[in-house]
Amino acid sequence: MATTQPIFIHSLFRSASTYFFQKFRSVGGGLTCYQEPFNEMLVALNEPASHERLLGAQDGSLRHPPLDMPYFYEFWTRRHQLAGLYQQAFAYEQYFPDESGRLPTPQAAYLSALIEQAADRPVLQFCRSSGRIGALRRAFGGVHIHVWREPRNQWWSYKVAGYFDRVTQSIYGCKQLPSALRSIRDLADIGGKRVYVLRPRESYLAFYGVWLDAWLRLQSQAELSISMDGIVTSGAENAESSRRLSELTGHALDLSDVRSSGMVFTAEEQAFYSEIEAAVNGVFMQTGQATWQQIEAAGEAARAARRPYERLKHDPVVERNLRQASLAMMEQLAGLEWVGTRIRVTQFDPRLLRDYWRVLTLLWSRFARGGRTGPIGSSADPRPGAAPGAGPAAEPAVHARPSVRASRSRLL
């Protein structure tokens, strides 16, 4: 295998993607690492006055591992060569290729420039590539690595910032959406140009549809699949993944310092997730996008990733109460439209303030005692936070969806 072949790391958000990016970047000589080449913030490459945004500080609220350089440093050093190549449509409108199965010409030209401008073997770490792994392989060959996380814990980790739920809805706005996701989009009543706060059921429905589509595509086309939960909870799996990753890439990579954690869900919570997952699985089979065997493989992989957390002996009361309060807030805010960083309501509802204060109180209790819910590392539970440093420049505010809550005016 030629050592110049690009390395592609594919994952969804909140599944150790930044950890893997930093792990490759820290190798030093021999690799040029790009984080999230389809990130919408990279439109700054086309605006000289915005180039400094590419050097923004790391967002501590996301609990990413410490980075020795800004997220987009490699783009900034090549900003003049890449100017004019990035298009906003790369992020979500072109998340899936058209019927030809090929990357759009401008997208391929942009990625070609990244690879050509790399001083060493290029590493491209994506959180927006699951729908186009086949097109990327066809265009560039290379080595492809799939990093994934158990969906229930991953969905809760998305609650660290409103940005991630909005990203999920943005994927459903793709022009070439697969048939299964079109059906799920209709069930969840999402996918238009506007993005709304969803109720818990619709939120997990939309997320799990994207998760399953990504898992099936990436699992079938990547040379190596790494379960984030597996390498956190099993020393043997961590060692084997480190060995295979090093062998596949030609660089010594030790994953023993990975940190994360998982939650212990109640029987009621598990029933909530299982019902939604069964509905999504049925849609994928009915539309012919997956066979029963493929669905069962994805389900068993998720169950296996969850088992170490379910065997924990402690009773995480604070985390459970936090989840309940967070779900109550989602119900209260459902139907509001994201348009900026504020929530606009017409009539002040004291229950919103009550639930918000309850979440803050629970968070304080949780972090005061160390914030750990799983066997290793810091918790992935939700907490208020700004848009990610690797995300868009500003978070949308919130306005009412006309058909649901049409006349809100007060700001929260």
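In which loop is the place of Arg14?

Reply: Arg14 is placed in the loop between β1 (7-10) and α1 (17-25). The model is predicted, so local features are described only at pLDDT of at least 70 and side-chain atom pairs only at pLDDT 80 or more, while totals for chains, interfaces and linings use all residues. Residues are numbered from 1 along each chain as its sequence is written, and side-chain values use heavy atoms, with hydrogens and water left out. Helices are DSSP runs of H or I with at least four residues, strands are runs of E with at least two, and both are numbered from the N terminus.

Arg14 is counted as buried because its relative accessible area is 12%; buried means under 20%, exposed over 50% and partly exposed in between, with a 1.4 Å probe and protein chains only. The backbone of Arg14 has a positive phi of about 60°, although the residue is not a glycine. Most residues other than glycine have a negative phi. Asp189 also has a positive phi, of about 55°, and is not a glycine either. Its place is in the loop between α8 and α9.

Ser129 is situated in the loop between β3 (121-126) and α5 (133-140). With a relative accessible area of 1%, Ser129 is buried. Leaving aside residues up to four places away in sequence, Ser129 touches His10, Tyr95 and Leu136, where contact means heavy atoms within 4.5 Å.

The elements on either side of Asp189, α8 and α9, can be considered next. Two packed helices are described by the angle between their axes and the distance between the axes. The axes of α8 and α9 come within 9 Å and cross at roughly 170°; the axes are lines fitted to C-alpha atoms, for helices over the stretch in contact, and angles run from 0 to 180 degrees between N-to-C directions. That angle makes α8 roughly antiparallel to α9, since angles over 145 degrees count as roughly antiparallel, those under 35 as roughly parallel, 65 to 115 as roughly perpendicular and the rest as oblique. Leu181, Ile184, Leu187 and Ala188 of α8 meet Glu202, Leu205, Ala206, Gly209, Val210 and Asp213 of α9. These residues divide into seven nonpolar, one polar and two charged; Ala, Val, Leu, Ile, Met, Phe, Trp, Tyr, Cys and Pro count as nonpolar, Asp, Glu, Lys and Arg as charged, and the others, Gly among them, as polar.

Helix α8 (residues 179-188) also packs with helix α12 (residues 267-286), their axes coming within 8 Å and crossing at roughly 140°. This makes α8 oblique to α12. Ala180, Leu181, Ser183, Ile184 and Leu187 of α8 form the contact with Val280, Val283 and Phe284 of α12. By class, seven of these residues are nonpolar, one is polar and none is charged. Leu181, Ile184 and Leu187 take part in the contacts with both α9 and α12.

Helix α9 (200-221) and β6 (336-338) are in turn packed against by the buried residues of α7. Seven of the ten residues of helix α7 (residues 162-171) are buried, so this helix is largely enclosed by the rest of the structure. One of the buried residues in α7 is Gln169, which has 4% relative accessibility. Beyond four places in sequence, Gln169 touches Ile190, Gly191, Val195, Tyr196 and Leu198.

Gly230 and Trp148 are 82 residues apart along the chain, yet their C-alpha atoms are separated by 9.7 Å. Ser234, in the loop between α10 (228-233) and α11 (235-249), is partly exposed at 25%. Its C-alpha is 8.7 Å from that of Pro308, which is 74 residues away in sequence.

For the protein as a whole, there are 15 helices and nine strands. Buried residues make up 55% of its 412 residues. Of the contacts with a separation of 6 or more, 82% involve residues 24 or more positions apart.
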